Amino acid sequence: MDDLYDPNRNDPTRNGLNGHDPTRNEPDGAARDGADNQGDTPTGAPGAVPQPAVPDSVPNSTPERIPSGGPDADRIRIGLWGAPRSGKTTYLTALPLAAMQHQRHHDGGWNISGMTEEAGAFLSRGMDLLTRQRAFPEATMGVREMAWSIQGPKRKGKLGMSGRRPSFVLDIQDAAGEVFGNGHPQQAQLVGQLARSHGLIYLFDPLGDAETATESFNFLQSTLTQLTAQVRNRQGLVDGRLPHYVSVCVAKFDHPDIFRPAVEAGWVTQDTVGAQLPRVPAEQGAKFFQWMCDDFRGANARLVRDALHAYFDRRRISYYATSAVGFRLTPQHVFDYRDYVQPVEVDGTSRLRTSPEPINVLEPLIDLEERIYRDRGRERGLGGRLGGKRR
């Protein structure tokens with residue numbers, strides 16, 4: 001079957017000199033005469049029918065190269081997970097800003113760049129939206145896949161030796177929370193993506209969990225059941241549980257309805273230097289989530305906790321108090337407990353009062369990369385001792 005568009009159809013050199021196909025057993029000139037007799041009028045000849053121009057299917061004139069992120073085996077896939085309105089898109093939008101600000105409080109900074117033009121545009125739009133427009137991104141519709149290249153500062157090795165520099169490709173599946181619901185037509189696609197992920201960032205929204213339409217457990221259980229079936233069918237379960245590393249992020253930590261009770265319950269400490277930001281200490285993350293489930297939210301949140309513990313290895317789960325936009329800071333860039341609420345309503349639209357200062361947005365990702373890297377190192381070591389076999 002002929003191609004719909006053949007750019008060489010009128011090229012006289014395509015099948016030989018003057019369009020003659022040397023593989024055809026015809027007298028010299030028969031091919032042309034036959035073609036003319038069949039009504040194939042050469043372009044430009046009298047009576048020629050002008051051919052319509054075929055538009056280029058790719059309007060961008062700049063060629064795009066194949067993303068060069070290293071072998072697929074070196075890629076770390078992270079799935080983003082959460083109920084509707086849990087803040088998944090805002091979390092992704094704040095990630096490059098958190099990477100840029102990381103060096104304020106730690107040694108060295110992290111760099112994030114898009115592996116494709118679309119992924120790079122998402123990063124640029126998100127940075128402009130949060131910092132210049134001081135607005136929130138629109139909620140995701142459907143499922144969106146992106147790949148980002150991430151490089152971190154060189155880490156200190158043992159005995160003062162230079163350590164490795166984290167560098168990996170992050171495959172993100174950003175999906176609308178409704179997709180996680182049972183019976184959604186795109187749920188199977190999303191579950192397949194989560195099954196191929198090495199780590200999961202699960203956003204738990206205590207505020208949305210209090211509403212029937214966005215109860216976290218409703219969007220968790222059916223996905224976990226299908227996810228386990230897919231991983232089981234390819235013999236990927238580890239001791240009967242899913243093999244993923246999980247970072248559980250208690251979202252919207254800056255909201256007064258979450259932050260104030262956490263302060264009053266004694267979970268929050270405050271930095272004494274810099275912006276003097278409040279935070280839940282990393283070593284208290286698991287207990288903070290337990291309190292959130294047992295005392296703050298109640299029965300539905302306890303089901304979320306029980307499901308996570310039933311389907312994943314507890315040793316592979318970490319917990320964080322997370323805020324994608326952080327707290328409002330004074331003009332001196334210091335936290336003030338008397339006036340810390342960041343969003344305000346302006347003409348019916350939620351706006352940020354000051355430039356965002358994300359809290360525990362990059363850290364869950366850094367932690368996932370480190371744990372997955374260590375696990376792969378143990379597998380390679382085990383494979384060498386067992387003659388190349390891995391578990």
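Here are some numbered notes on this structure, which is a predicted model.

1. Let's start with the whole chain. It has 391 residues, and 43% of them are buried. The secondary structure comes to nine helices and 11 strands. Now look at contacts between residues at least 6 apart in sequence: 73% of these join residues at least 24 apart.

2. How many of the 14 residues of α2 are buried? The count is 13, so α2 is largely enclosed by the rest of the structure.

3. Move on from α2 to Trp110, which sits in the loop between α2 and β2 (111-114). Trp110 counts as buried because its relative accessibility is 5%, and the cut-off for buried is under 20%. The C-alpha atoms of Trp110 and Gln151 are 5.7 Å apart in space, while the two residues are 41 apart in sequence.

4. Strand β3 (residues 143-151) holds Glu145. Is Glu145 buried or partly exposed? With 49% relative accessibility, Glu145 counts as partly exposed. From the C-alpha of Glu145 to that of Ala119 is 8.7 Å, and the two are 26 residues apart along the chain.

5. Two residues deserve a look for their backbone angles. As background, most residues other than glycine have a negative phi. Arg134 is not a glycine, yet it has a positive phi of about 50 degrees. You'll find Arg134 in the loop between α3 (117-131) and β3, and it counts as partly exposed at 31% relative accessibility. His333 is not a glycine either, and its phi is positive at about 60 degrees. His333 belongs to the loop between β9 and β10 (343-346), and with a relative accessible area of 35% it is partly exposed.

6. Helix α4 (residues 187-195) is next. Seven of its nine residues are buried, so α4 is largely enclosed by the rest of the structure. Among the buried ones are Leu190, Val191, Leu194 and Ala195. Ala195 turns up again in the next point.

7. Ala229 lies in α5 and is partly exposed, with a relative accessible area of 23%. Ala229 and Ala195 are 34 residues apart in sequence, and their C-alpha atoms are 9.6 Å apart in space. Arg234 sits in the loop between α5 and β6. Arg234 is partly exposed as well, at 48% relative accessible area. Which residues does Arg234 touch, not counting those up to four places away in sequence? They are Ala195 and Arg196.

8. Helices α6 (residues 256-264) and α7 (residues 285-297) pack with their axes 12 Å apart, at an angle of about 105 degrees. The two helices are therefore roughly perpendicular to each other. On the α6 side, Asp257, Ile258, Pro261 and Ala262 make the contact, and on the α7 side their partners are Phe288, Trp291, Met292 and Phe296. Sorted by type, the contact residues are seven nonpolar, no polar and one charged.

9. Last stop: helix α8 (residues 299-311). Its 13 residues reach 19 Å from first C-alpha to last, close to the 18 Å expected at 1.5 Å a residue. Buried residues of α8 include Ala301, Val304, Arg305, Leu308 and Tyr311. What do the buried residues of α8 pack against? Their neighbours are strands β5 (199-204), β6 (245-250) and β9 (317-321), together with helices α5 (221-233) and α7. If you want to see the pattern on screen, remember that an α-helix has 3.6 residues a turn, so residues three or four places apart point the same way.

Conventions
Residues numbered from 1 in each chain as written. Predicted model: local features only at pLDDT ≥ 70, side-chain atom pairs only at ≥ 80, totals over all residues. Heavy atoms only, no water. Buried < 20%, exposed > 50% of the residue type's maximum accessible area, 1.4 Å probe, protein only. Helix = DSSP H or I, 4+ residues; strand = E, 2+ residues; numbered from the N terminus. Axes fitted to C-alpha atoms, helices over the stretch in contact; angles between N-to-C directions. Parallel < 35°, antiparallel > 145°, perpendicular 65-115°, else oblique. Contact = heavy atoms within 4.5 Å. Nonpolar A, V, L, I, M, F, W, Y, C, P; charged D, E, K, R; others polar. Expected span 1.5 Å × (residues − 1).
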